[in-house]
Every structure is written in C-alpha cells, then in structure tokens.
Amino acid sequence: MAILVKNIKKLVQVEEKPVVWRAGKEMRKIYSIEDAFLLTKEEKIIEFGKMCDFSLEKLSKIKEKVTEIDATGRMVFPSFCDSHTHIVFAGSREIEYVDKIKGLSYEEIAKRGGGILNSAQRLKIASEEELYDAAWERLNEMASFGTGAVEIKSGYGLTTETELKMLRVIRKLQENSPLIIRANFLGAHAVPLAFKGKQQEYVDLIINEMIPMVAAEELADFIDVFCDKGFFTVNETERILMQGIKYGMRPKIHANELGYSGGIQVGVKYNALSVDHLEYSGEEEINCLLNSETMPTFLPGAAFFLGMVYGPVRKMIDAGLPIALASDYNPGSSPSGNMQLILSLGCIKYKMLPEEALNAITINSAYAMGISDIAGSIAKGKIANFFITKPIPSIEFLPYAFGSNKIEMVFLKGKKYEKIING
Ligand code: NIG
Ligand code: FE
C-alpha cells in the first residue's frame, strides 16, 4: 500500500540528514516545507518535497495502488513519541484526586496504602484480558491525539507473577497495535505491603527472581527504578540497574520528583537512556547531564496534576542540554495521554518556545525511548507515522489552542488509522 499526501500547507519537522536529538539552541530549529507532498510505501516514508518538484514519474515506480489525499489548508506533522507511560492499569483513582484537592500530599496518600499500592491491589484481581482491553482503549485515544509511539512500564504488579502479567499484556499490545511500543520493567515502583519494613528483601526479589524471569521471556527493553525520597535509594537503584544491564535492559529511570534524590547522577552513571521527572534539579544535576548520553525528560502532566514545582527546563536548555517531554499517563499522577496538551503545558509552564516543545515531543522523546532512527521526524526510511491537521494557521497554533483536538487524520505504519475495536 502507498499513500501520497498532496498540497500540504506545511510539512513540519522534516530532516534531510536525521539527527539523534536536538539540544540547547538547536531545539529552536524545526525544518518545514511549504506547499509540500509526502509519499509513503508500505510502512515507510519514501519521498517528500515541494509540490512543484513532484512528478507523476515518482508514482510510476510504485507497483501497488496509491491512495491520494489532498491536504489543502492543512499541515502534516510526524506523530508524537510518548516516552514515559504507565497505561496498563486497572480501574481509576479519582477518590485520591479528591483527597489531593483537600490538601493531602502525594507522599501522604502513598503512606496510607493509596497511590501505587492501590493500583497494585486492583491489578492483582484483573485478568490479562481486562488489562489488555483497557490499555487498548487508551492507545486508541492517544493515537487520535497524535501519538504514534509509546513506552509502557510495568510496576503495578509488584510480585513476580503480576509483573510478568503486566509485561505480557504489553507484549500483546506490541504484537497487535499499529503504534510503536517499547516495554520497561519497573518492579521497583514501590515496596509492596507484604514487604513492609523489609525493603531489602524486596530489592533482592527484583534482582534474583524478577529480572531473570523477565529476561527469560524477553519481555522488557528497559529497566526502571523510582529512585526518590520515600521510595528506592541510590544504592538500591545501583544494584537493580546493574542486574538489569547484565540481562540486556537499558536503564530509564524515575528521578528527583520528590527531592534531590541522587537519581540523576546514578542514572547517568549507568548510561540511562533517560532520567524522568527531574523537578528537583540544580547545578550539580545539570553538570552531570552535560556530556552524557542521557535524555532529561520532563512530565508536565504530572507536575500540573499534582500541583508540584516545575523543573528547570529553561536552565537546562540554556546550558546546552536536550529536553524530552512525555505524558506519564497513569491513574495516580497524570490520567491523560494527550500529547497536544503536553505540548501546551511545555510552552505555558516551562516557557519553552513552540519549536522547542515540538522537538521535545518528537525527535527528543523518540531518542528517550530508543527509536530516533525510525521515528520522531519526517525523513526518508523512517516509519510512516504522521498526522494531518484540521485547517490551522501556523505551527504555533498547535500549543496555543490548548484543550481541543487539532488533528483530522492519523497514519500509522503507512496506513490510515481508524479507531480499532477488539485489537
Ligand atoms: O511517574 N512517580 C512515580 N510513578 C508514577 C506515579 C504512579 C502512580 O501514582 O500510580 C509517576 O508519576
Ligand atoms: Fe512515571
């Protein structure tokens, strides 16, 4: 199958020579082509350029049927990459949300057995099928808002059996969904009730039992730890990351959401692909990230929902760092996977320019989930994941008109995406 999108008002985030990420001042650069075409074949982008350079000769080389789409007045963007989510979960936690409105902190709710442990209890009794169907619906909605790639974490199981159950659900989503999906093993998300007061034993269980079993079924690309005040220490994080690396999983961790936890430093030490949250980051953390291969990732949905401090994104960009933004879609701290909203929050709350925020949810977040060679921009050979907007006046309109869906049509792996029921 081939698709030709013609008369595109603006083809956004094109790359002749693909980069792995954009950092510092480069984050202000978005290359676009006005009055453009885009040609895809099977799963991939094969050609793009100005309409005046388009000739029917290009089509004659394609053997299969070509579907033509006229995008007059509309823009085309590469699909967003959401590099941090927890979308396999059971039920919802709006009661805690009301508790938060009444003044309880995230840590206080966690201490009462709410938070992650509440989700763990619900997940335990949910069947694989129920979890799959609910996550499938979430993916449907995320795709309709422009997301084409998603990293999904385990971490609401917290026993060997239930962590494996979550990861098998993610595997099944990966097999059936047209989105690009990567899996992250987050056994160290919280200490389960059964191990209360015996945190070391739980860490040992993760290291000696969970990681080898996850690896034996090749269920995870990444290893994650919630390295923060009241959760896992730097020392525990190191032990877990070392074992994960030994079993072929690259670190990608939760750090510095609740305090100066040392999580950024330990992430960089073990060459994490990304360190995420980062509300508490100062000079030391910024210096540590410079000259590393680790993507600093901010989750404005969680900071907004929890009413937290906003991390020093501007300082980091001004220091020359790249930044990625992701949704953190989860039932406790960010119950939304709408990346258009994340784009707006990036601009409004972190004072990112629209171009910076757009790089942060495309090429940089692609890097943060290890797929910047196949996604995150419009480039020849990359996967044909893109969307056509409704008629909109400018790139800036996308974050500006927050709260509404500016997308008319979505394409994933070179096919028009319609809501898929019973995936
Ligand atoms: O990324 N910070 C840790 N974990 C999740 C929250 C999960 C939950 O509350 O269920 C997060 O925000
Ligand atoms: Fe998270």
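How much space lies in the largest pocket? In this predicted model, the largest pocket holds about 450 Å³ of space.

**Pockets**

Lining the largest pocket are 21 residues, and those nearest its centre are Ala110, Lys111, Leu117, Val191 and Gly230. The largest share, three residues, comes from H3. By class, the lining of the largest pocket is made up of nine nonpolar, six polar and six charged residues.

The second largest pocket has a lining that includes Gly113, Leu117, Asn118, Ala120, Gln121 and Lys124. Also in the lining of the second largest pocket are Gly157, Leu158, Thr159, Pro192, Leu193 and Ala194. Six of these residues are nonpolar, five polar and one charged.

**Cavities**

The count of cavities of 30 Å³ or more comes to four. The largest cavity is lined by 14 residues, with His86, Tyr106, His189, Asn330 and Ser333 closest to its centre. Its lining has four nonpolar, seven polar and three charged residues.

Around the second largest cavity lie Pro78, Ser79, Cys81, Gly148, Ala149, Ala375, Gly376, Ser377, Ile383 and Asn385. This lining divides into five nonpolar and five polar residues, with no charged ones.

| Space | Volume |
|---|---|
| Largest pocket | about 450 Å³ |
| Second largest pocket | about 230 Å³ |
| Largest cavity | about 90 Å³ |
| Second largest cavity | about 40 Å³ |

**Domains**

The domain assignment gives domain 1 (2-78 + 377-416) and domain 2 (80-367). Taken over C-alpha atoms, the centres of domain 1 and domain 2 are separated by 30 Å. In the contact between them, 32 residues of domain 1 meet 35 residues of domain 2. The second largest cavity draws at least three lining residues from each of domain 1 and domain 2.

**Packing of H7 and H8**

Helix H7 (residues 199-216) packs with helix H8 (residues 234-246) at an angle of about 10 degrees, and their axes are 10 Å apart. H7 and H8 are therefore roughly parallel to each other, as angles under 35 degrees count as roughly parallel. On the H7 side, the contact involves Gln199, Gln200, Val203, Asp204, Ile206, Ile207, Ile211 and Pro212. These meet Glu236, Arg239, Ile240, Gln243 and Gly244 in H8. The residues of the contact of H7 with H8 comprise six nonpolar, four polar and three charged.

Notes:
Residues are numbered from 1 along each chain as its sequence is written. Chains are lettered from A and ligands numbered from 1 in the order in which they are written. This is a predicted model: local features need pLDDT of at least 70, side-chain atom pairs count only at pLDDT 80 or more; totals for chains, interfaces and linings use all residues. Side-chain values use heavy atoms; hydrogens and water are left out. On a 1 Å grid over the protein atoms alone, a cavity is a set of points where a 1.4 Å probe fits but cannot get out, and a pocket is an open set with protein on both sides within 12 Å along at least five of seven lines; lining residues have an atom within 4 Å of a point. Grid points are joined across faces, edges and corners, and a volume is the space filled by probe spheres set on the points. Helices (H or I, at least four residues) and strands (E, at least two) are DSSP runs, numbered from the N terminus. Ala, Val, Leu, Ile, Met, Phe, Trp, Tyr, Cys and Pro count as nonpolar, Asp, Glu, Lys and Arg as charged, and the others, Gly among them, as polar. Axes are lines fitted to C-alpha atoms, for helices over the stretch in contact, and angles run from 0 to 180 degrees between N-to-C directions. Angles under 35 degrees count as roughly parallel, over 145 as roughly antiparallel, 65 to 115 as roughly perpendicular and the rest as oblique. Contact means heavy atoms within 4.5 Å. Domain bounds come from an automatic or database domain assignment.
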